[in-house]
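I opened a new structure today. These are my notes on what I looked up.

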Amino acid sequence: MSAPKKLWGGRFSGAVDPLMDAFNASIHFDKRMYAADCIGSIAYAKALAKNNIITAAERDQLVKGLETVMSEWEQGKFVIVAGDEDIHTANERRLGELIGSVAGKLHTGRSRNDQVATDMRLWLRDEALRLLAHVKELIAVTVSRAEKEIDVIMPGYTHLQRAQPIRWSHFLLSYAWLWQSDAERLEQLIDRFNVLPLGSGALAGHAFNIDRSFLAKELGFRDYINNSLYAVSDRDFVAEFLFWASLTMTHISRIAEDLIIYSSGEFAFVKLADAYSTGSSLMPQKKNPDSLELLRGKCGRVFGSMSGFMMSYKGIPSTYNKDLQEDKEPMFDAADTLSGSLQITAGVLSTLSIFPEKMRASLSGDMLATDLAEYLVRKGVPFRETHHISGAAVKMAEDRNVSLDTLSVKDLKTLHPAFTDDVSKVWSFETSIENRNAPGGTAKSSVLVQIKKLQDWLSKK
């Protein structure tokens, strides 16, 4: 069987170098947009009939044929042949085989430029909604765990140094709030790119006065793009999606790093389930947090997709240029990576074992130095002065090689006369935690408010 004609081949008489054919082809990766391409074409056929550019009978033939093409893809029966350089060419070629010459009318007034831009937005809209569901499931898992383990306390860290006591739940919720921001950003992005390019032609617009409002409604877009040059060349939505993916993966990478540290023998705060760990080929005792390490590593992969695409995008002159073929693989790969990573992260967090006694044992008296300063503040001493006094107490304890909380009232009085016997109440990790009761703090009441707010947000979604 001879190869199908190129959609663009009428002007050319010479043969194309086979290497160029392969170099130019995108069917091996853009075939995953088969459904978007068929759905967009079905709507376009209806719009052509609405303007009497084709007959109702021709419309019905086109719609039925496109539905058959889509069914063949879904059932794995579609056969890609030589000359199918992209998903649009492949679908149109097969449509012609099914319904004959009327298939040639489908492309009236349409270019692959506005067609591919439409396909990408349709595909990404569906994929983004799936990713949004995964983000929300991850938040739900995290919030559920935070609620169940609200009484577990642990060291909070800055600069990887023990800083102040916090609730384990407060730590978990810090990531739940990051992911909520990720979810809201994705919702905003979906709304922003949910506009229709179709009906813009190659660049200058449509010659047959196609009803673009009708097309937008048929395809679920909130509006159409108001400038045809912009419509066919805009890939800001890909750049934004890749940034969103990079930032979301950054948040996943950060909790992965925390949990890698917390699962080490030096900390032993948590243990990963066997389902998310592997062993060593040499050392039988090893249990490696490979799931977390892969999550951390895949952040770099997604960020690389974003930076690579931006380098391709930055130098393109106005309207469509072939460089834009490089927009799809980064988008596809980032979406696939996010889909897997979000689900793996939820799996890790839902099956993780924690060791509250280890967390508590890592708390130390010097972590209450701020509380000691705040004790004096409550006695009327200015904070900048109390900070210096508390620092002097820490040095006193260090010089004596004892814990801060073992200093006597007599010792502390040498630093300031406001210290009295009630200073003993400072030496309680629970009291320290409960004192942080302003909204957003680690006190139980504040953490419960956070849980409730996130649960309410999830229930509305």
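I began with a definition: a salt bridge is a side-chain nitrogen of Lys or Arg within 4 Å of a carboxyl oxygen of Asp or Glu. Side chains of opposite charge can pair when their charged atoms come close.

I noted the ground rules. This is a predicted model, in which local features need pLDDT of at least 70, side-chain atom pairs count only at pLDDT 80 or more, and totals for chains, interfaces and linings use all residues. Residues are numbered from 1 along each chain as its sequence is written, and side-chain values use heavy atoms, with hydrogens and water left out.

**Salt bridges**

I searched the whole structure and got 33 salt bridges. I found Glu72, Asp84, Arg93, Arg94 and Glu97 linked in one network of them.

Next I looked up single pairs and their accessibility. I use buried for under 20% relative accessible area, exposed for over 50%, and partly exposed for in between (1.4 Å probe, protein chains only).

Arg145 pairs with Glu149, and their closest N and O atoms are 2.9 Å apart. Arg145 is buried because its relative accessibility is 11%. Glu149 is also buried, at 17%.

I then checked Asp182 and Arg185, whose side chains meet in a salt bridge at 2.9 Å, N to O. They sit 3 residues apart in helix 7 (residues 168-193), so about one helical turn separates them. Helices here are DSSP runs of H or I with at least four residues, strands are runs of E with at least two, and both are numbered from the N terminus. Asp182 is buried at 0%, while Arg185 is partly exposed at 30%.

Which distant parts of the chain does the pair of Asp151 and Lys444 link? I first confirmed their salt bridge, 3.1 Å from N to O. Asp151 is in the loop between helix 6 (112-148) and strand 1, and Lys444 is in helix 18 (residues 444-460), 293 residues apart. Asp151 is exposed at 54%. Lys444 is partly exposed at 31%.

**A loop with positive phi**

I looked at the loop between strand 1 (153-158) and strand 2 (161-167), where I found His159. His159 is not a glycine, yet its phi is positive, about 55°. Leu160 lies in the loop between these strands too. Leu160 has a positive phi of about 60° and is not a glycine either. His159 is exposed at 76%, and Leu160 is exposed at 58%.
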